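Dear colleague,

Please find the structure below, handed over for your use. A summary of the findings comes after it.

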Amino acid sequence: MSIRLTPLADPEPTSLGHRLAWVASGPDGTPLGHAFLRFFTKDGQRHLAEVDVRVHPAERRHGAGSLLLDAAVAAAREDGRRSLVAQAEAGSPGAAFLAAREFGVAMRLMYARLPLADADLPLLTALTRQEHPGYRLVEWTGLVPDDLAGSYVASRRAMDDMPRGTVDYGRVVWDLERVRAAAAAVAGRGEVLHTVAAVAEADGAVVGFTELVTPGDGTGDGLHYGTAVLPEHRGHGLARWMKAASIVRARERQPGLAGLVTDTADTNPYMRRVNDALGYLPTHEAHEFQRAL
């Protein structure tokens with residue numbers, strides 16, 4: 001089959017990075033698949049690019065995926081990137097495709113889902129009401145309030161020691177610009193970003209947070225983003241406290257939500273225990289693949 005690749009303009013540039021895109025089409029112009037290549041442009045991640053290749057199931061095994069990946073690899077090398085990452089569900093055709101093209105498994109992610117119709121709301125509500133001496137919970141929707149912005153940005157370092165397998169993510173440097181850009185990206189997709197944070201009573205600083213992104217129409221599944229506690233404040237049950245509050249608030253704000261989805265590295269038993277205690281049920285495993293360039 002004669003396959004043509006058509007490069008597209010960056011569909012969604014942000015201050016965090018930009019993307020290249022290609023569409024693969026057949027002789028009659030029928031789209032067969034596409035690829036996105038995301039360049040990270042913030043300090044600490046300029047060595048990294050992320051690729052996502054998709055080919056329609058009926059059009060696979062004709063070379064479209066390989067051509068799309070080759071274009072992405074060439075563009076990443078031309079830009080001076082030294083590492084390329086991609087994700088695929090374990091055992092899927094995508095995982096086999098990546099494994100056959102010099103990608104190795106660098107991290108295993110365990111996915112779990114909380115069906116909200118089956119959630120133990122009395123238990124979750126009781127967890128949110130438990131006292132944690134020296135701490136209180138705050139929450140916001142969208143961008144962090146100005147009075148918490150400084151300490152919230154500083155608390156993002158709680159993610160620095162999150163288990164990442166052998167993925168060469170570099171060091172993610174968070175500043176207020178990055179926080180604002182992330183919130184704007186969620187809003188731009190028509191979704192809702194809700195954050196619950198733990199604040200130390202001693203100085204009013206944010207010491208932990210959990211983020212939940214839900215569809216703007218309040219239906220379907222929400223997706224947990226980061227949950228983290230600063231090392232010096234761990235061991236007080238703050239992660240479970242915050243995440244329980246996030247679930248309860250989601251149920252109150254958007255009662256039409258079907259469920260909440262979370263993913264955790266298989267090397268992070270602490271967060272997996274938190275999720276188990278809150279009622280999340282395992283659904284599938286995904287692999288983060290990496291290829292050196």
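The following paragraphs describe the overall fold and then the aromatic pairs.

This is a predicted model, in which local features need pLDDT of at least 70 and side-chain atom pairs count only at pLDDT 80 or more, while totals for chains, interfaces and linings use all residues. Residues are numbered from 1 along each chain as its sequence is written, and side-chain values use heavy atoms, with hydrogens and water left out.

The protein contains seven helices and twelve strands (DSSP runs of H or I with at least four residues, and of E with at least two, numbered from the N terminus). Its radius of gyration is 21 Å, close to the 19 Å from the globule rule for 293 residues, so the protein is as compact as a globular protein of that length (C-alpha atoms; the rule is 2.2 Å times the number of residues to the power 0.38). Of the 293 residues, 46% are buried (under 20% relative accessible area, 1.4 Å probe, protein chains only).

There are two aromatic pairs (ring centres of Phe, Tyr or Trp, the last by its six-membered ring, within 6.5 Å; planes over 60 degrees apart count as edge-to-face). The ring centres of W140 and Y152 lie 5.2 Å apart with planes at 85°, so this pair is edge-to-face. W140 belongs to strand β7 and Y152 to helix α4. Y152 and F209 are also edge-to-face, with centres 5.5 Å apart and planes at 80°. This second pair links distant parts of the chain, as F209 is in strand β9, 57 residues from Y152. W140, Y152 and F209 form one aromatic cluster.

Yours sincerely

Conventions: Buried < 20%, exposed > 50% of the residue type's maximum accessible area, 1.4 Å probe, protein only. Phe/Tyr/Trp six-rings, centres within 6.5 Å; stacked < 30°, edge-to-face > 60°.
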